[in-house]
Structure formats: C-alpha cells, structure tokens
Amino acid sequence: MTQDEAKQLAAVAALAHVRDDMIVGVGTGSTVNLFIDALASANLALRGAISSSEASTARLRKHGIEVVDLNSADAPEVYIDGADEADSHLRLIKGGGGALTREKIVAAASGRFICIVDESKVVDVLGKFPLPVEVIPMARSYIARQMIRLGGTPVWREGFITDNGNHILDVHNFKIVDPVGLETEINQLAGVVTVGLFARRPADLLIIGGKDGVKTLR
Ligand code: 5RP
C-alpha cells in the first residue's frame with residue numbers, strides 16, 4: 001500500500017463523523033485534501049466549513065462547499081486535520097504545510113478534533129519531524145537563538161511566508177519527552193506566534209490508515 005492510499009483510507013473514515021447541518025472545521029495538507037474531496041462527493045447539507053488556510057479555502061470553494069468566518073459562525077462541532085507526527089497520547093506535531101496558527105485556532109474552537117494520518121506518522125516520541133515555529137519576522141533570529149538554548153537546531157524555511165505574513169523556523173533535533181512543557185515554554189517567547197506542538201489540546205480521536213486498514217486511537 002502506498003502512503004497516499006493509507007491517507008485516503010483515513011480521510012474517508014473521517015466522513016463517518018460528519019453529518020448534515022454541521023459546521024465542520026477543515027485543516028490543511030494532502031490528507032485533508034483527500035478528506036475535502038470525499039466530503040464533496042458525500043453531498044452533505046453542511047451549514048458550512050471553517051477553513052484553516054487559503055489553500056483549503058480554495059479547494060473547498062472549488063467543490064462548492066461554503067466557507068464561513070470563524071468570527072461570525074457557531075463553533076465547529078468537529079475539526080478534521082492531518083499531522084506530521086502523532087504519539088499514542090494523541091499529541092501532535094503539525095505545521096509541515098505552514099498552516100499551524102490557523103489550525104491551532106480552529107482546533108481550539110472546535111468541539112472535537114479528529115486527526116487523520118497514515119501509519120508512518122505514528123511515533124513513540126515526538127521530534128523526528130522538525131518542529132515548525134511560526135514567528136513574527138523581526139523576531140526570527142532571536143527565536144532561533146532561543147531554540148538553540150532549548151537544544152534544537154533551527155532552520156529558517158526561507159522563501160515561505162505564512163497566510164498571516166510571518167516566517168517559519170523548522171527546529172530539528174528536539175527529542176520531545178515533555179510535549180506540554182515544551183509547548184508552554186516556546187509559546188511564552190516574545191515573537192512566537194504559534195509552535196506546532198499540539199499537546200495542551202491534543203486530538204480527541206486519531207484515525208490511522210495503513211496496510212491493515214483503519215485503526216483508531218482515542
Ligand atoms: C499543515 C499540517 C498538515 O496537517 C501536516 O503537514 C500533514 O500534512 P500531510 O497530510 O500533507 O502529510 O499541519 O500545516
């Protein structure tokens with residue numbers, strides 16, 4: 001089975017958690033793209049979608065799914081998003097696609113957060129995937145020095161500007177044994193917009209696609 005086939009299994013399985021009349025939060029990335037396509041094929045009478053990125057907004061609209069503003073809509077009952085890594089406590093690294101800030105906002109505002117991944121994303125200890133940190137541009141070097149102080153190796157994602165006009169540092173070599181502690185510590189640094197650790201608000205359900213079909217962790 002290819003990784004894309006495994007992503008497809010997880011994406012389609014997430015549809016079971018979406019019903020008519022819902023406002024659905026929609027994440028970002030290739031797994032979510034498959035979910036958006038499946039959602040469109042399901043022809044549900046949604047009240048709308050809250051999108052976490054310009055890319056997902058464009059894909060939702062292309063399918064004729066109405067995108068509504070989080071400020072003027074009810075909170076999404078469910079949020080469906082992918083991840084770069086997930087552990088058995090449903091704590092995540094996200095932000096490989098650079099949409100971590102809006103993803104964290106929609107996850108926080110939603111009733112249930114359902115994460116869809118292929119089995120290669122499931123790890124014992126988070127941190128093999130470089131941890132994305134969105135920073136205010138003028139703070140980039142300062143935050144890079146702080147990441148070194150914390151034991152990481154930051155790499156500026158050069159040429160990439162987030163939907164919010166900010167920069168991303170991808171921090172390598174963190175072995176994240178205390179995800180809540182590291183998330184809290186990085187969050188508090190002046191100039192950090194969002195750290196791509198989703199541990200204080202982990203997923204509520206992890207849907208994993210793989211060679212043995214679909215597994216869930218809650
Ligand atoms: C985007 C994300 C994505 O969910 C994450 O990068 C996984 O992407 P993909 O489904 O393409 O593997 O956090 O900011």
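Predicted model: local features only at pLDDT ≥ 70, side-chain atom pairs only at ≥ 80, totals over all residues.
Colleague: Which domains does the assignment give for the protein chain?
Modeller: Domain 1 covers 3-122 + 200-217, and domain 2 covers 131-196.

Colleague: What separates the centres of domain 1 and domain 2?
Modeller: 24 Å, taken over C-alpha atoms. Domain 1 brings 15 residues to the contact and domain 2 brings 19 residues.

Colleague: How much area do domain 1 and domain 2 bury between them?
Modeller: About 1400 Å². Carbon and sulfur atoms carry 51% of it.

Colleague: Which three residues supply 40% of the area that domain 1 buries against domain 2?
Modeller: L100, K104 and R200, more than any other three residues.

Colleague: How many salt bridges are there between domain 1 and domain 2?
Modeller: One salt bridge. K104 pairs with E183, with the closest N and O atoms 2.7 Å apart.

Colleague: And the whole structure, how many salt bridges does the count come to?
Modeller: The count comes to 13 salt bridges. One of them joins D37 and R59, where the closest N and O atoms are 2.9 Å apart.

Colleague: Where do D37 and R59 lie?
Modeller: D37 is in helix α2 (residues 30-42) and R59 is in helix α3 (residues 54-62), so the pair ties together parts that are 22 residues apart in sequence.

Colleague: D37 first: buried, partly exposed or exposed?
Modeller: D37 is partly exposed, at a relative accessible area of 25%. R59 is partly exposed too, at 24%.

Colleague: What is D37 in contact with, leaving aside its neighbours within four places in sequence?
Modeller: R59 and H63.

Colleague: How far is the C-alpha atom of D37 from that of H89?
Modeller: The two C-alpha atoms are separated by 29 Å, and the residues are 52 apart along the chain.

Colleague: Which residues are linked with R47 in a network of salt bridges?
Modeller: R19, D74 and E77 are linked with R47 in that network. The D74 and R47 side chains meet at 3.1 Å, N to O.

Colleague: Where are D74 and R47 in the chain?
Modeller: D74 sits in the loop between α3 and β3, and R47 in the loop between α2 and β2 (48-51). They are 27 residues apart, and the pair links distant parts of the chain. D74 is partly exposed at 46% relative accessible area. R47 is also partly exposed, at 39%.

Colleague: What about E103, which residue does it form a salt bridge with?
Modeller: K94, with the closest N and O atoms 3.1 Å apart.

Colleague: Are E103 and K94 buried or exposed?
Modeller: Both E103 and K94 are buried. K94 also lies over the face of F198, 5.6 Å from the ring centre.

Colleague: On to rings. How many aromatic pairs does the structure hold?
Modeller: Two aromatic pairs. One is Y79 with F113: the ring centres are 5.2 Å apart and the planes are at 45 degrees, so the pair is tilted.

Colleague: Why tilted, with planes at 45 degrees?
Modeller: Planes under 30 degrees apart count as stacked and those over 60 as edge-to-face; the rest count as tilted.

Colleague: Which strands hold Y79 and F113?
Modeller: Y79 lies in strand β3 (residues 78-81) and F113 in strand β6 (residues 112-118), so the pair ties together parts that are 34 residues apart in sequence.

Colleague: Is Y79 buried or exposed?
Modeller: Y79 is buried, with a relative accessible area of 0%. F113 is buried as well, at 0%.

Colleague: Which residues form one aromatic cluster?
Modeller: Y79, F113 and F198.

Colleague: K94 lies over F198. Which ring does R157 lie over?
Modeller: R157 lies over the face of F160, at 5.2 Å from the ring centre.

Colleague: Last topic, A6. Where is A6 found?
Modeller: In helix α1 (residues 3-14). A6 is buried, at 5% relative accessibility.

Colleague: What does A6 contact, leaving aside its neighbours within four places in sequence?
Modeller: M1, D118, G209 and G210.

Colleague: How far apart are A6 and G213 in sequence and in space?
Modeller: They are 207 residues apart in sequence and 7.9 Å apart in space, C-alpha to C-alpha.

Note on methods:
Residues numbered from 1 in each chain as written. Heavy atoms only, no water. Phe/Tyr/Trp six-rings, centres within 6.5 Å; stacked < 30°, edge-to-face > 60°. Helix = DSSP H or I, 4+ residues; strand = E, 2+ residues; numbered from the N terminus. Buried < 20%, exposed > 50% of the residue type's maximum accessible area, 1.4 Å probe, protein only. Lys NZ or Arg CZ within 6 Å of the ring centre and 35° of its normal. Domains from an automatic or database assignment. Contact = heavy atoms within 4.5 Å. Buried area = accessible area lost by both parts, 1.4 Å probe. Salt bridge = Lys/Arg side-chain N within 4 Å of Asp/Glu carboxyl O.
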